[in-house]
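Please look through the sequence and the model below. The paragraphs after them go through the chains part by part.

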Amino acid sequence: MIDLIWLIPLLPLVGFLVNGLGRNVLPKSLVGVIGSGMVLASFLLSCGVFSVVYAARQAGEAASFTQAIFDWINAGNLHVSLSFLVDPLSAVMLLIVTGIGFLIHVYSIGYMKHDAGFAKFFAFLNLFIFFMLLLVLGSNYIVMFIGWEGVGLCSYLLIGFWFKNSAYASAAKKAFVMNRIGDLGFLIAVFLLFATFGTLEFSGIFPQAANMLVGDTTLLVITLLLFVAATGKSAQIPLFTWLPDAMAGPTPVSALIHAATMVTAGIYMIARSNILFTLSPITLQVVTAIGICTALLAAAIAVTQNDIKKVLAYSTVSQLGYMFLGLGVGAFTGAFFHVITHAFFKALLFLGAGSVIHAMSDEQDMRSMGGLKKQLPVTYLTMLVGTIAIAGIPPLSGFFSKDELLAHAFADNKLLWVLGFIGALFTVFYMFRMLFLTFFGKFRGTAEQASHLHESPATMTIPLIVLAVLAAVGGLLNVPSALGGSQALADFLSPVFADSVAIKGSFHLEHSTEYVLMGISALAAVVMAIIAYRQYVTKNMVPTSDDAPRSLLARLSYRKFYVDELYDALVVRPLNTLSVFLYRIVDNWGIDGIVNGLSRSVGESGRGIRLLQSGNVGFYIFMMVIAIVVLLAYGFFNG
Amino acid sequence: MDNLFILLLFPVLGALVLAFVAHAKTAKWLALLMSLISLGLTIPFLVNFVPDASMQFEQRFAWIPSLGIHFHVGIDGISLPLVLLTNGLIPLIVLSAFSYDYKGGFYALVLFMQAGLLLVFTALDAFAFYVGWEVALIPIYFICALWGGENRIRVNLKFFIYTFLGSLLMLVAIIYLHLQVPSDDYELTSFYQLTLDSSTQRWIFWAFFIAFAIKMPIFPFHTWQPDTYTEAPTAGTMLLAGIMLKMGVYGVIRWLIPVAPLGFAAYGQLALILCVIGVVYASIIAFKQHDVKRLVAYSSIAHVGLIGAGIFAWNVQSMQGAIIQMVNHGISVVGLFFVLDIVSRRLGTREMSAMGGIAKPAPSLALVFLVIVMGAVGLPLTNGFIGEFLLLLGVYEYGLWYAVFAGLTLILGAVYMLRMYQKVMLGDMNARTSSFADIKGSEWVVLAVVVVLVIGIGIYPKPLLDISEAAVTDLIDKVGPIER
């Protein structure tokens, strides 16, 4: 099975090529089957690979398998090979990417049914899966970087899928450029890694790093740069503003790329490089600070948004912040656990939102929704599950993963727990607000929309149901010992984090403390849900129109704290002004002016040149050629 | 069949024939045939090339014995990629001009220039190098002067004065060096063996540097470039950007640094800084350009700046990056300028504000353009990434902050390239663009070749890198450690 690793990314690539090249000839049904089928095949292969890894882990081995494909770049002492690494971490990621990827492909068959770019959409989606698998499977930082930038390209293509709308095309550009800022950090980190360790293979770097001292300056710089890369890809402060805009893409894209997989790449990369970060406590503090700030800021924005996808987008930013908080306090397993559960419930919520938007004839404003639970029962019930899961109400998945993160935060610094707890309250509120505004109360849309309301087809509801089940039971993967669980995921992943644990020491919290923390957060979640219920169901409140007067705080939240405006004023406009200044003043007037002055002072140099205008080219060429031939011949006969 | 004389002479013969073909259709097909034969003649060199550091396929005879001038040419791992680039791009450039009804004279100039370029890339005698340098310049001057845009005369004058000044400086340096050679010749190896004192090497450095810096161009010797690229007919722009500027880069590698290592030690850092300034400066200027051709012209200054920085960083990674990036850049700019030519010819304007939404009526063009743009911004699995990665890695080895500033191209390049892509291809259609015709016929051929190369080299660059590795390593060893 391990020999077939290379097939896992190759199959979606084949799907991309077939659907891309045959987009004008293949019937839609076949396109959907090819697109989804390739990902399904990858998923099955991934299951096979996973089972091998799992068996090896059960046998107590580290379960790390490498497969080299070919030498990619050689130059001097630099040797980069295209090679893959399957270990517990990448094995789990494989299942998420291909598994959820497959469900979203199936969903898209229904969702994109009437779109003219159906085949193009599936081709891009397959291409995304290919790059995401490269990112996950890379055995060195360069292959990871191929995937890292490749998913950025697919994100660009899919955000701007409906490119006729120039706002959408701008959103796509913004995502690409902001990601590139992070990518530069990644690239320079790679250079530093190469200069320090002489290789870019994980298997060469991490053992060497493990022998270095805590607080090493080089490692500090490397990890800070890698974190910069992570803030771009995983939408953290200060590079988070592209993600809400990315909602311009079709909803399945939001679910797959901008919730479940691509945006978690930053967490994956840091988890992969955990030893480097563990040895850099300062970086970990930065990660923690950025994580919790992002979690709170995004949550504070989400509570006032009225676009159903925007709520989910800010929620994603916020949840990613929690994951970084986890990484920062050393809860690598916890952060990764949250990646998994978040993939389940956030993909579910986005697809649910897509189902609503589909039913509402492309309406995304929740102020025009309401009372949809009658017409969309499956969507409603599955989204209810997703909402409870993300809210952290036991026993659904979000409770377990968030609890683990917050427990680690508590052990690190009690203030972090308090802040995380406050963010969690916001989360519960905005999620239930979304649920109630959408599905409860009276319908607020137009009569036209009302007449079209319908539950989505089976291709869309079945993925919802599967994801709902996963979101419900996903927490069982890693039940804490305080609740009598076996921490299966932590055990499975332990070889990946072994070196870090050896340095940091294993995490310990009294069971009694854990019970109290869990109790508080579970109770508070229920209370917040009830508050949201009273507000939006009992009192039937509907958010005010855009230009209605708001209190200062509400306005700040509603206007997203003016971060975009701030960047525009601080970066975009000055750069544009600089561009014009350099072009008009420095280049045309300054440098070129000097040159022109010089050439004038040389004299009427144009006079001789003027002859050329009336010349006969054929004659000139003939003369030149003759001259050359004569010169050459002269050499031959005299030489 | 691996006689270098034949390779060099064939384009001259082709030019001679074409100069007398007045019928446009005959001329273009004949030119294509000639250029393809030239490309075919290159294959034996590729096959018989041994990837070591030696000079191969050498040809040498006394040209003007009384003056010690030899016609001495040869190919090593550094020149082969450029010979390949030249002979590979000329057929594409000829084909890209198929929509214009150029007469034989035009193609004769192209082939004549090809001969000059090949001579520059293979010359092992300074005089032969200089002849090649001028022979390449004159045809492009005519191409721009006769088939260029409205301002061609004014613009061309500047171009001519600039490059003429550079040539003059170089000539002075060459003659001076020749006078120092004990065996009284112009041989490259004789130049290498000279042991000149530091102050001499310093002015030699500047004489060569300015000539090469103008050609590339490196900031602040670049102001002829945007105007010339914009006013030249597209085929001329392709020749200038795709091949001709590599003369300057190649000159630095072959004739500047090894000949004046002490000058390089003294001013290499300054040169590198100028290159890095060029990367950032030209990128920022490219932001707000509204003429698509001028935008790509500025982007070319940025890309070449990075190549130059790689050369002056002078280590195996940066040099390997520079050589492969010269090839990549050639492929990219031919693709870019061709797509923009297609667009502006059909719309009758180069203004981006008049474009938009073309992806809808011309999806194939949009796709191809996207691949080329991604190659230009250096996305992994395109050719641009290989070059940029090696270049930046090499520049990093020289100094972290140089790499950080040069690395800004990653971000800035994405900004102006994607802005251009958006303005041209995306958004809603207007009255002009709604009836835009997708690519067809010879356009497909050119663009398909470009796309295959962009992705092919991106996925498997090893054969290309293997050609130059030994020669680059050897050259760096020969020059020895540079004390900054």
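How many residues of domain 1 of chain A are in contact with residues of domain 2 of chain A? Before the answer, some conventions are needed. This is a predicted model, in which local features need pLDDT of at least 70 and side-chain atom pairs count only at pLDDT 80 or more, while totals for chains, interfaces and linings use all residues. Residues are numbered from 1 along each chain as its sequence is written, and chains are lettered from A and ligands numbered from 1 in the order in which they are written.

Two residues are in contact if their C-beta atoms, placed from the backbone, lie within 7 Å. By that rule, 40 residues of domain 1 of chain A are in contact with 49 residues of domain 2 of chain A. The domain bounds come from an automatic or database domain assignment. For chain A the assignment gives domain 1 (1-139), domain 2 (140-558), domain 3 (559-603) and domain 4 (608-639). The centres of domain 1 of chain A and domain 2 of chain A, taken over C-alpha atoms, are 23 Å apart.

On the side of domain 1 of chain A that touches domain 2 of chain A, β2 (78-86), α3 (88-111) and α4 (118-137) of chain A each supply at least two residues. Here helices (H or I, at least four residues) and strands (E, at least two) are DSSP runs, numbered from the N terminus. The largest share of that side, 16 residues, comes from α3(A). By class, that side has 29 nonpolar, 9 polar and 2 charged residues. Ala, Val, Leu, Ile, Met, Phe, Trp, Tyr, Cys and Pro count as nonpolar, Asp, Glu, Lys and Arg as charged, and the others, Gly among them, as polar.

Now take chain A as a whole. Chain A has 26 helices and 2 strands. The C-alpha trace of chain A spans about 100 × 65 × 50 Å along its principal axes. With 639 residues, a compact globule would have a radius of gyration near 26 Å, and the 28 Å of chain A agrees with this. That radius is taken over C-alpha atoms, and the globule rule is 2.2 Å times the number of residues to the power 0.38. Of the 639 residues in chain A, 54% are buried. A residue is buried if 20 or more other C-beta atoms lie within 10 Å of its own, exposed if 12 or fewer, and partly exposed in between, with C-beta atoms placed from the backbone.

Next comes the contact between the chains. 56 residues of chain A are in contact with 63 residues of chain B. Among the elements that each supply at least two residues of the side of chain A that touches chain B are β1 (65-75), α6 (166-197) and α24 (563-602) of chain A. α6(A) gives the most to that side, with 13 residues.

Chain B is assigned domain 1 (1-259) and domain 2 (269-484). The C-alpha centres of these two domains of chain B lie 22 Å apart. In chain B, 40 residues of domain 1 are in contact with 46 residues of domain 2. α10(B) supplies the largest share of the side of domain 1 of chain B that touches domain 2 of chain B, 11 residues.

One residue of chain B ends the tour. Met55(B) is found in the loop between α2 (24-48) and β1 (56-64) of chain B. Met55(B) is partly exposed because 17 other C-beta atoms lie within 10 Å.
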